[in-house]
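User: I have a structure open and would like to go through a few spots in it. Can you take my questions as they come?
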Amino acid sequence: MKNKLMDERGCTVELRTDYKGFLNVAFMGADKPVRTVRTIEEDINTVSWVKDIEFCEDYKVTVRDPGISESGLKICLEVKKDDEASFDVENRDGYIRYINDKPVNKKSKKTDKAVKVEVWIGGEKADEIEFTDAFEKVYSVDNIGLAEREYLEKVHGILYKLLHEIDRVCVENKIHYFLVFGGLLGYYRVGDIIPWDDDVDIAMPRRDFERFKKIAPKALGKDFMFLDYSEIGDNTFLDFLSRVIYTGEEVPVNAFQKVHGKCRSDIENHIPMDIFVLDNASDNKYIHTIHTNLLRGVYGLCMAHRAKLDYSEYSIRDFKTRLAVRVLSVAGRFIGTKTLFWLHDKLSMIFIRKKTVDYFMSNSYLPFMHTRYCKEWFRKGKRVRYGKVMAYAPNDVEAFLKRAYYDYTHYPPVEKRIPEHSPEHKGII
């Protein structure tokens with residue numbers, strides 16, 4: 001079974017040993033390489049193969065080559081003798097320290113005892129080996145990350161169903177919607193859902209969203225539910241995103257974990273598709289800043305109505321932001337959600353009758369709420385093939401991605417290539 005997830009994400013290999021001398025990775029990569037030169041320059045976090053790399057104690061690298069899933073991962077190791085060391089290392093436990101290839105300490109511990117090495121592939125222990133001089137083996141990666149791949153296959157199938165149904169309702173009713181963020185990035189990069197992603201987002205201009213909101217409850221099929229942000233639970237707040245939820249199958253997800261215990265039980269463990277709303281942004285940048293800060297303030301007040309609030313999520317933010325979150329999340333307990341939701345909607349649409357150049361996503365998350373998006377990108381959109389379904393993308397995909405991500409051409413760090421809504425992921429791949 002071809003491991004497509006590993007093909008795109010890369011194969012992370014760790015070599016763990018208590019041996020205090022030097023080992024050499026003579027070769028690590030596909031047994032029959034598909035890529036003979038480095039072609040994925042935008043992925044600076046991986047390599048196509050490893051050759052003649054010396055290391056002491058542990059070693060970790062991510063190798064990315066489709067040949068690995070086809071022919072297996074080949075690992076060739078060698079014990080590096082003391083008199084073969086070619087780089088400087090600190091003296092430890094009586095071993096020689098080399099400077100300019102000349103020994104400084106003559107106390108050398110040479111041994112013919114077997115070297116023990118643990119081989120970890122994709123975060124899973126694949127082997128525990130012993131060798132005295134050299135080792136070579138080809139590992140199959142067919143079952144590496146199998147549970148995660150099965151989860152993603154199921155989630156991707158549901159996301160296709162959600163997008164197909166939303167597209168059907170929108171096309172029949174001439175409602176505009178567009179792929180955005182990770183979903184759009186997947187279209188740009190692979191023409192499909194990003195292999196490790198378990199989320200696809202769409203956006204609608206305000207007038208289209210209001211029409212969809214009225215039509216969707218009756219127009220959607222029997223296995224689909226339109227859920228407004230105000231309907232998650234009684235006096236409960238997760239965020240300001242309305243969603244379409246697939247109710248035909250349960251899948252363990254953590255999408256609603258922040259309101260677990262307060263939200264309605266019929267939506268937990270069901271896959272949602274988030275809808276971002278494009279509202280008019282003031283052409284005056286100072287007014288826009290005041291506008292978005294007011295919306296952030298309402299968001300902060302609403303956070304008091306979650307089941308739990310993890311302040312550590314804001315630990316990397318500046319002091320003013322951390323203080324504002326704490327103060328507002330306490331003050332919000334004295335204001336009902338109906339009042340706060342009404343205030344948010346009124347503030348979001350304050351420029352609805354103005355002719356402005358840009359949109360902004362009024363129901364976006366706090367760090368990104370101020371971002372402006374040119375209206376020209378969303379005038380009509382373009383019809384695109386998105387994996388197994390058809391969808392709409394903004395007119396200028398690259399311009400949107402540059403605004404949303406700035407550096408959208410490079411892959412994220414390997415540790416970020418995880419399905420964020422899966423309760424099973426360990427953050428190690």
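User: Where is glutamate 57 found?
Analyst: Glutamate 57 sits in the loop between E3 and strand E4 (59–63). Keep in mind that this is a predicted model.
User: What is phi of glutamate 57 near?
Analyst: Phi there is near 65 degrees, which is a positive value in a residue other than glycine.
User: And why does glutamate 57 count as partly exposed?
Analyst: Because its relative accessibility is 23%, and partly exposed covers what lies between under 20% for buried and over 50% for exposed.
User: Now asparagine 269. What is its phi near, and where is the residue found?
Analyst: Phi of asparagine 269 is near 60 degrees, a positive value in a residue other than glycine. Asparagine 269 belongs to the loop between strand E14 (242–246) and strand E15 (272–281). With a relative accessible area of 30%, asparagine 269 is partly exposed.
User: Switching to sheets. In what order do the four strands of the open sheet come?
Analyst: The order is E3-E2-E5-E10, and the pairing is antiparallel. Strand E3 (50–56) and strand E10 (134–139) are the edge strands, since each of them pairs on one side only. On average, neighbouring strands of this sheet are turned by 20 degrees against each other, direction ignored.
User: How many bridges join strand E2 to strand E5?
Analyst: Eight bridges join strand E2 (residues 22–30) and strand E5 (residues 73–80). One of the residue pairs is leucine 23 with its bridge partner in E5, valine 79.
User: Which side chain does arginine 417 have a polar contact with?
Analyst: Its partner is aspartate 43, and the polar contact between the two side chains is 2.7 Å.
User: What about lysine 388, buried or exposed?
Analyst: Lysine 388 has a relative accessible area of 66%, so it is exposed. You can find lysine 388 in the loop between strand E18 (382–386) and strand E19 (389–393). Its C-alpha atom is separated by 8.1 Å from that of aspartate 192, although the two residues are 196 residues apart along the chain.
User: Last one. Which residues make the nonpolar surface patch of about 300 Å²?
Analyst: Phe319, Leu323 and Val327 make that patch. Phenylalanine 319 is in helix H7 (residues 319–331) and is exposed, with a relative accessible area of 55%.

Methods: Residues are numbered from 1 along each chain as its sequence is written. This is a predicted model: local features need pLDDT of at least 70, side-chain atom pairs count only at pLDDT 80 or more; totals for chains, interfaces and linings use all residues. Side-chain values use heavy atoms; hydrogens and water are left out. A polar contact is a pair of N or O atoms within 3.5 Å; within protein, one must be able to donate a hydrogen and the other to accept it, and residues adjacent in sequence count only if both atoms are side-chain atoms. Two strands pair if DSSP finds at least two bridges between them. Helices (H or I, at least four residues) and strands (E, at least two) are DSSP runs, numbered from the N terminus. Axes are lines fitted to C-alpha atoms, for helices over the stretch in contact, and angles run from 0 to 180 degrees between N-to-C directions. Patches are made of residues with over 30% relative accessible area and no salt bridge: like charges are joined within 9 Å, nonpolar side chains (Val, Leu, Ile, Met, Phe, Trp, Tyr) within 5 Å. Accessible areas come from the Shrake-Rupley method with a 1.4 Å probe; for residues, only the protein chains shown count as cover. A salt bridge is a side-chain nitrogen of Lys or Arg within 4 Å of a carboxyl oxygen of Asp or Glu. Buried means under 20% relative accessible area, exposed over 50%, partly exposed in between (1.4 Å probe, protein chains only).
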